[in-house]
Amino acid sequence: MNYLDLSIADIHAALVAKKVTPLELTKEALKRAHESKDNAFEMILDDEAIAFASSLGEPEEDNLLWGIPYLAKDNFSTKGLPTTASSNVLNGYKPLFDAHVIDVLKQKKAVLIGKTTLDELAMGGTGTTGHLGITYNPYDPKHERMMGGSSCGSAAAVAAGIVPFALGSDTGDSVRKPASYGGVIGVKPTWGRISRYGLFPFAPSLDHVGFFTRYVSDAALLCDVLSGRDEMDSTSSEKPVPHCLEKLSEEKKPTFAVLSDIVDSIHDETILSSFRALCQKLEEQGCKVTYVPFGKEALESIYATYIVISCAEATSNDANLDGIKFGPYYEGKTYQEVMFNARTKGFSELIKRRFVIGSFCLMAENQDVLFLRAQRNRAKIVAKTNEILKDVDFILVPAAPSIAPKLGQSSDKLSDEYLIADNHLALGNFAGLPSVTLPLGYEEGMPFGVNLMGRAFEEEELFQACRLVSDSTGLEGSYYGKEDK
Amino acid sequence: MNFEAVIGLEIHVEMKTRSKMFSSSPNSFTRFPNTEVTCFDMAYPGTMPRVNKAAVINAIRVANALHMTIDPLVRFDRKNYFYADLPKGFQITQQFHPIGREGYLEIKGRDGELKRIGIERIHMEEDTCKQLHFASYSLLDYNRAGVPLIEIVSHPEMRNGTEAMRYVEAIRNIVLFSGTSDGKMEEGSLRCDVNVSLRPYGTKKFGTKVEIKNLNSTKNIESALDYEILRQSAILLSGGKVQQETRRYDEASGKTVLMRVKTDAVDYKYFPEPNITPIRLSPEFVQNAIDTCPELYDSKKARYVALGLSEVDADILLSSLAMAKYFEEASIGGKFAKTVANFLISDVNAYLNKNGISIEEFPLKPAYLNELAGLQEDGFTHKQVMQALNYLLENQDVNPKGALEALHIEKQSNDDGLVLAFVNDVLAANPQSIADFKAGKDRALGFLVGQVMKAAKGKVNPSAVSKVMLEELKKR
């Protein structure tokens with residue numbers, strides 16, 4: 001047993017009792033990071049982390065994050081440290097400011113030990129498109145299966161037990177899907193709960209700061225700490241910060257709606273039986289679980305709607321990456337040539353494709369049939385989601401239709417399984433609702449997860465439900481190779 | 001002329017708020033290049049816009065002055081295009097929901113008649129950065145990037161250059177007196193794009209429009225339009241077609257010159273700005289912005305005229321904010337307003353011009369100018385008061401009374417008895433002059449008055465002397 005494997009509250013107790021020091025924890029985390037073979041890191045911050053951990057004096061008893069090592073996805077701005085979003089277009093870019101969440105964690109004296117890989121500019125769901133190549137799933141040492149993305153490096157690191165928690169971002173399912181493939185907890189609170197200042201935007205109307213943990217209490221703690229109004233992000237909510245950790249133990253018998261069309265589109269028997277078993281356990285504990293149809297047509301339209309809106313916003317957000325102000329500069333005879341060169345050389349083909357799609361959807365002659373139609377459809381889907389949540393407390397569904405798919409294996413993009421079961425997590429982004437993926441089980445040694453979504457700004461209740469689910473599955477705290485360490 | 005000109009204006013006004021439209025960067029125009037810049041102004045990834053409240057207040061005030069309907073839900077949109085001076089690759093503007101819609105402005109037409117010009121919209125947006133082009137390189141100054149702008153778009157309802165000029169003057173007065181902007185065309189804080197087309201009288205269809213840029217004074221707007229209307233009309237009369245193009249005004253030749261022929265309109269791919277959630281303005285906030293708006297030009301002018309000033313004099317005093325401020329401080333409660341105005345318009349202006357300074361640098365306290373005006377109204381001559389004023393300008397620790405004492409200036413007497421005594425003495429001593437006057441030599445009167453002034457050592461009022469002298473001469 002290593003202290004690093006405990007919940008943050010338990011590590012904290014050990015720190016306060018001086019059974020372990022921040023430096024020892026940091027060194028252990030760095031060691032594990034260097035041992036990792038999953039290509040999860042843009043950068044491991046040995047010197048900075050050791051210097052920071054060494055500088056911490058007496059334990060702060062009322063600060064659970066004091067001296068806790070963590071990782072951040074490389075699309076969070078870190079002052080003076082390269083931040084590339086795993087894209088060549090930002091190679092060498094050193095921001096002049098810290099993202100809000102990085103700053104909060106610095107104030108809390110958590111120890112940043114590195115920056116993790118992502119699908120280029122957070123656009124992608126496989127963890128294979130970053131400029132450093134494929135990020136692998138620690139549960140699959142043969143490197144045949146994907147980690148999932150876009151927060152692949154953070155997911156892999158927490159799944160491998162390198163740190164107790166890691167920051168990610170979630171625009172469609174970029175935290176909650178890889179959490180499913182990695183057997184860890186992946187959280188995306190309500191849109192506006194956590195300031196996005198310093199998070200490189202992909203599609204701001206869908207973007208969320210999220211995080212990975214292995215314990216429900218850690219997730220509740222991080223939600224409390226990272227939440228709150230930030231003047232630098234005018235979309236951040238002025239609602240009082242939640243007290244998820246404090247309220248975690250409150251006994252509740254919530255009601256759950258299982259979206260039947262989603263379950264119907266899944267064919268993996270192991271996942272289905274684990275899911276049914278979970279529902280049964282929840283009912284045994286006095287919770288009510290009902291099957292509710294969402295509407296197949298609406299669910300099938302999620303992916304197209306998501307692509308149109310996210311690509312449209314992305315093409316505009318990333319228009320600043322032109323080589324003139326930051327990032328690699330390429331000579332040109334005119335400013336157009338300078339921009340053209342920077343963008344041609346800086347972006348991968350996949351990114352360019354998204355920009356073309358986004359641009360096309362925004363063109364005056366296409367806006368109504370593509371962009372605005374997608375927005376109208378989004379509004380309809382959001383209305384339907386909120387309608388369901390009027391009658392029940394949470395929506396409960398398998399997070400993905402399968403374990404982590406094999407690399408290079410292409411799915412049928414028009415099948416129900418793909419269109420519905422592989423994309424439904426974007427419901428939480430459309431409506432900005434708080435959503436958490438938790439480990440549900442294993443198949444061929446690979447994890448899969450279950451997802452819970454609650455009402456806006458009701459994170460306290462959501463984590464109470466997570467507590468119930470987690471107690472039912474008994475998978476809290478696990479990571480790949482834990483027994484060996 | 002066979003054609004009616006159709007003129008519409010788009011005016012961009014740089015607001016003089018303390019900070020920029022969406023960032024906390026200072027907004028002062030005066031600093032060294034690239035020193036008033038935040039990470040947002042440079043479009044660093046992850047930075048987000050924060051709406052400047054003062055800019056919203058300004059926009060409300062201007063919209064109200066233009067009789068517009070104010071949208072209480074403030075929303076912003078993105079205008080997407082690539083250009084070297086556009087850091088983010090998009091400009092945040094208000095394409096779909098401008099803060100103000102459908103208003104008007106009343107101006108005097110060419111023949112002095114009152115004319116109402118409709119205004120389509122007013123919206124807030126951010127400025128781009130400034131480019132300086134050299135032979136082999138270009139320089140960018142990000143100080144201007146993000147400076148708050150309001151754009152005011154008129155309906156195409158002006159018919160000649162004079163109307164356009166007066167429209168711009170009226171807009172300038174509103175933004176200037178509301179404290180929104182310096183409104184300086186020559187420095188670019190008020191920029192004007194003019195669209196003009198011609199059509200045969202009586203027709204409704206618009207002709208091909210030409211855009212004119214580079215107009216750096218209101219006078220140039222009038223001249224450029226007068227020229228352009230003649231140019232287009234000559235083309236049409238000779239059977240030609242006006243080309244859709246952008247022209248600039250060349251001040252030296254007084255002509256408009258082709259800049260570029262317009263190709264297809266750019267598709268800016270507008271969509272709502274996702275990083276600014278719509279802001280609901282309370283009715284109280286809007287009303288408070290309006291109620292606390294500094295007094296505008298028209299209101300001041302009406303007040304000055306009510307104090308007894310002519311319209312022309314009121315316009316002169318209102319030609320600058322500082323002059324109007326000085327006038328108001330020097331005529332507190334309307335006391336001696338007309339005399340104060342006269343001092344400012346003739347004597348003080350002459351002094352300012354002679355010394356090449358502005359009214360802000362004029363060293364005399366407004367309260368002293370008021371006292372001096374009071375002295376003149378009390379019977380001191382204009383010449384005496386101006387002597388005192390000059391003394392005060394050179395001796396700043398002295399007040400007007402002290403200046404009079406130092407200069408030994410005394411009020412001249414209007415006492416008819418005293419004047420009569422002096423007049424009779426002088427007439428008795430100068431019979432030849434009486435004869436000259438009777439013979440029609442007007443010069444004699446001046447001589448006789450002068451003799452009286454000399455005898456009285458200047459202590460009598462020369463106009464009273466003239467009056468009495470004439471009466472006495474008639475008796476002889």
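**Helix 15 of chain B**

I looked up Glu472(B) and Lys475(B) first, and both lie in helix 15 (residues 462–475) of chain B, three residues apart, about one turn of the helix. Helices here are DSSP runs of H or I with at least four residues, strands are runs of E with at least two, and both are numbered from the N terminus. Glu472(B) and Lys475(B) form a salt bridge, with the closest N and O atoms 2.9 Å apart. I used this cut-off: a side-chain nitrogen of Lys or Arg within 4 Å of a carboxyl oxygen of Asp or Glu.

Lys475(B) is exposed at 62%. Buried means under 20% relative accessible area, exposed over 50%, and partly exposed in between, with a 1.4 Å probe and protein chains only.

**Ground rules**

I noted that this is a predicted model, in which local features need pLDDT of at least 70, side-chain atom pairs count only at pLDDT 80 or more, and totals for chains, interfaces and linings use all residues. Residues are numbered from 1 along each chain as its sequence is written, chains are lettered from A and ligands numbered from 1 in the order in which they are written, and side-chain values use heavy atoms, leaving out hydrogens and water.

**Other salt bridges**

How many salt bridges does the structure hold over all chains? The total is 55.

I picked out Lys18(A) with Glu58(A), whose closest N and O atoms are 2.9 Å apart. Lys18(A) sits in the loop between helix 1 (8–16) and helix 2 (22–35) of chain A, and Glu58(A) in the loop between helix 3 (46–55) and strand 2 (69–73) of chain A, so the pair ties together parts 40 residues apart in sequence. Lys18(A) is exposed at 51% relative accessibility. Glu58(A) is exposed as well, at 58%.

Next I checked Arg303(B) and Glu328(B), a salt bridge with its closest N and O atoms 3.1 Å apart. Arg303(B) lies in helix 5 (residues 297–306) of chain B and Glu328(B) in helix 7 (residues 321–330) of chain B, so this pair ties together parts 25 residues apart in sequence. Arg303(B) is partly exposed at 34% relative accessible area. Glu328(B) is partly exposed at 23%.

In chain A I also found a salt-bridge network that links Asp5(A), Glu28(A), Lys31(A), Arg32(A) and Glu35(A).

I turned to the open sheet of nine strands in chain B, with order 2-6-7-10-1-11-12-13-14 and mixed pairing. Strand 2 (69–70) and strand 14 (255–261) of chain B stand at the edges, each with a single partner strand, so one side of each has no neighbour in the sheet. Two strands pair if DSSP finds at least two bridges between them.

How many residues of strand 10 (residues 148–154) of chain B are buried? Seven of its seven are. Pro148(B), Ile150(B), Ile152(B) and Ser154(B) point one way, and Leu149(B), Glu151(B) and Val153(B) the other. In a regular strand the side chains alternate between the two faces of the sheet.

I then listed the partners of strand 10. Strand 1 (residues 3–14) of chain B joins strand 10 through five bridges, running antiparallel. Ile11(B) stands opposite Ile152(B), and His12(B) has Glu151(B) as its bridge partner. Strand 7 (residues 114–126) of chain B pairs with strand 10 over seven bridges, also antiparallel. Met124(B) has Ile150(B) as its bridge partner.

Helix 1 (residues 53–65) of chain B lies across strand 2, strand 6 (100–108), strand 7 and strand 10 of chain B, at about 165 degrees to strand 7. Axes are lines fitted to C-alpha atoms, for helices over the stretch in contact, and angles run from 0 to 180 degrees between N-to-C directions. Contact means heavy atoms within 4.5 Å.

**The three-stranded sheet**

I found an open sheet of three strands in chain B, with order 5-4-15 and antiparallel pairing. Strand 5 (90–93) and strand 15 (271–272) of chain B are the edges, each with a single partner strand, so one side of each lacks a neighbour in the sheet. Two bridges join strand 4 (residues 77–80) to strand 15 of chain B. Arg78(B) stands opposite Phe271(B).

Which helix lies across this sheet's strands? Helix 11 (residues 302–317) of chain A lies across strand 4, strand 5 and strand 15 of chain B, at about 65 degrees to strand 4.
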